[in-house]
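Have the sequence and the 3D view ready as you read.

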Amino acid sequence: MRLAARRDPLVLAAPRHMSTRRVAVHLLLRKGLFMFGAVVIVLMILMAVFAPLLAPFAPNATDMQHSLARPSAQHLLGTDNLGRDTLSRLIYGARTSLIVGLAAVAAAVILGGILGTVAGFIGGIVQAVIMRIVDMLMSIPMLLLALTLAAVLGGGLKNVVIAISISMVPPFARLMAAQTLTIKERDFVSAQRSMGAPRWRTMLGTVMPNAYPAVLVFGTMQIGAAILGEAGLSYLGIGIQPPTAAWGAMVSLGFPYLVTHPWLSIVPGVAVMLVVFAFNMVGDGLRDVLDPRLRGTQ
Amino acid sequence: MFVYLSKRILQAIAVVILSSFLVFGVMHWLPGDPILMYISSDTYKTHTQAEIDQLRHQYGLDRPVVVQYVDWLGHAVTGDFGKSIIRGTSVSSELKQALPKTLYVGLTAFIFAHLIGIPLGIICAIRRGRWMDNVITALANLGMTVPVFWLGIILMYLFSLKLHWLPVGGYTSPFEHLGMSLKQLVLPAFCLALAPLAGITRQTRSAMLDVIHQDYIRTAWAKGVAERKVVMRHIIKNGILPVVTLSGMAVPMVIGGAVLVENVFNYMGMGKYATVGLFTKDYAPVQGVVLVVAVIVVVCNLIVDISYGYLDPRVRVS
């Protein structure tokens, strides 16, 4: 039992001075949060994929005769000011959030990854130019940059993804540059170089795969940040445009009815929190499992 | 140190100029046209194409973007940020009104986040694995996930609309009516502080944990140094460096949050000012805000870099 437990990377990550029972509680908690996050994400993805089957009503179907209905058997979460079923819009909102979160981070990983790898691997003037561009993007707060870009591009799902991914490129580029600098010094890279491998192949085939644990951990957490960013943009009305269901926009739509119908604003916000929390916890768990040395870097 | 410092300052200036150009360029590719926005706001009069061109020429919008940028930057250096096309008002004087408001709420949030976050992180590290650590860490994890605009709405619902303890929003100068000003400050400042507070708590915790396992700490404990002294002099002094990095990162975090929070609480600071400008395709206010924000962020990064040299002698040498 003890031996089996010792092989668990989570045990290795636990502090030495703890008693066995405390280690167990500690790990259960950590694993519990990781499992909780993973389950929430899987459920969210299922909800997004099967939204048309799960939603009791069409998300954009208005019914002015039953506008601002209180929760009932027919409308579990009531209806909004246009008589649209809140639960159905909540379910469809998961689609919006997940698509933006995953797509924006994927684009930022690719763009930032390429910039960072090239900067770290080639160095010199190339690195200086790339890093100054990254500094430039970083000097504008992420939300302000995303907001400006979204306003320029004009909102909507595709433009929100573009705006958020561009504003997220800098941290990924920095991470990749730092990773590349350490990986570059490893023996297998010099071995490859001495065998005459072209630089692009070393970058693509060796540096990038070796950096994946760090990128995976950071990327998972950034999905949460991207979802928060989308919610913020949609709240301001510059993000996802109506009638598409988005949680941030639902919060702002419920605002005028706060006193009489507080759940209209509260429920979509809780949904955002739940998803972001899930991605953060899975990221935390992955960090402990993939690379104990990474603990404490974020 | 002097060479290092002047190099960093030159770099910082370059970054500010680059980022202001970025936003300038981006704003001028806006699909909307501020002149048309301005005209549509004037319902009493219809404009001929010649008049539209005249207006465009009057605001210098018919020139190439680079020329406009150089012209704008030249004036911005002297403190003239141009005019709002929609309102015809001076952006500089409007920024002079908005900046102190954002600094007021932002600095309060920033200081609050540090005053609470650093001690919480230290307590967590020292009591690692015990209930206090678990509770605080869980709360910190939760604090990083809350959408600030939503939190603002919920707090407003609770404390303003239900309990009637605090005003719904707005801003009063602390020199005019201190009590009212502080009452209006509480909720937005708390909303802005939460994310950096959670981040600082986590960062302090992990930074202190890294130090706690060092041999010299064990030595200090072994030779019977008092707990207070071990914590204050050995653990905190050696472990505070990563927290300083996060302090630098908290600045853009607070400003970014201010964009949302100021809109929730109808607080006419820089964030709301920029949002209004973006909605009306008004170039000058947005460019002014971004330039000021970029200067603040870059200066803060510079301060972080310099304090690194102060806190860690190894940085000074290399």
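## The core and the chain contact

The largest nonpolar core has 164 residues, and those with the most contacts inside it are Leu144(A), Ala146(A), Leu147(A), Ala150(A), Val272(A) and Val293(B). Such a core is a set of buried Ala, Val, Leu, Ile, Met, Phe, Trp, Tyr and Cys residues joined through C-beta atoms within 7 Å; buried means that 20 or more other C-beta atoms lie within 10 Å of a residue's own, with C-beta atoms placed from the backbone. H8(B) supplies the largest share of this core, 15 residues.

This is a predicted model, in which local features need pLDDT of at least 70 and side-chain atom pairs count only at pLDDT 80 or more, while totals for chains, interfaces and linings use all residues. Residues are numbered from 1 along each chain as its sequence is written, and chains are lettered from A in the order in which they are written.

How many residues of chain B are in contact with chain A? There are 46, and they meet 42 residues of chain A (contact: C-beta atoms, placed from the backbone, within 7 Å). H1(B) gives the most to this side of chain B, with nine residues. Helices here are DSSP runs (H or I, at least four residues), numbered from the N terminus.

The side of chain B that touches chain A divides by class as follows:

| Class | Residues |
|---|---|
| Nonpolar (Ala, Val, Leu, Ile, Met, Phe, Trp, Tyr, Cys, Pro) | 35 residues |
| Polar (the others, Gly among them) | nine residues |
| Charged (Asp, Glu, Lys, Arg) | two residues |

Leaving aside neighbours within four places in sequence, Leu144(A) is in contact with residues including Ile255(B), Val259(B) and Val293(B).

How values were computed. Contact = placed C-beta atoms within 7 Å. Helix = DSSP H or I, 4+ residues; strand = E, 2+ residues; numbered from the N terminus. Buried ≥ 20, exposed ≤ 12 C-beta atoms within 10 Å, placed from the backbone.
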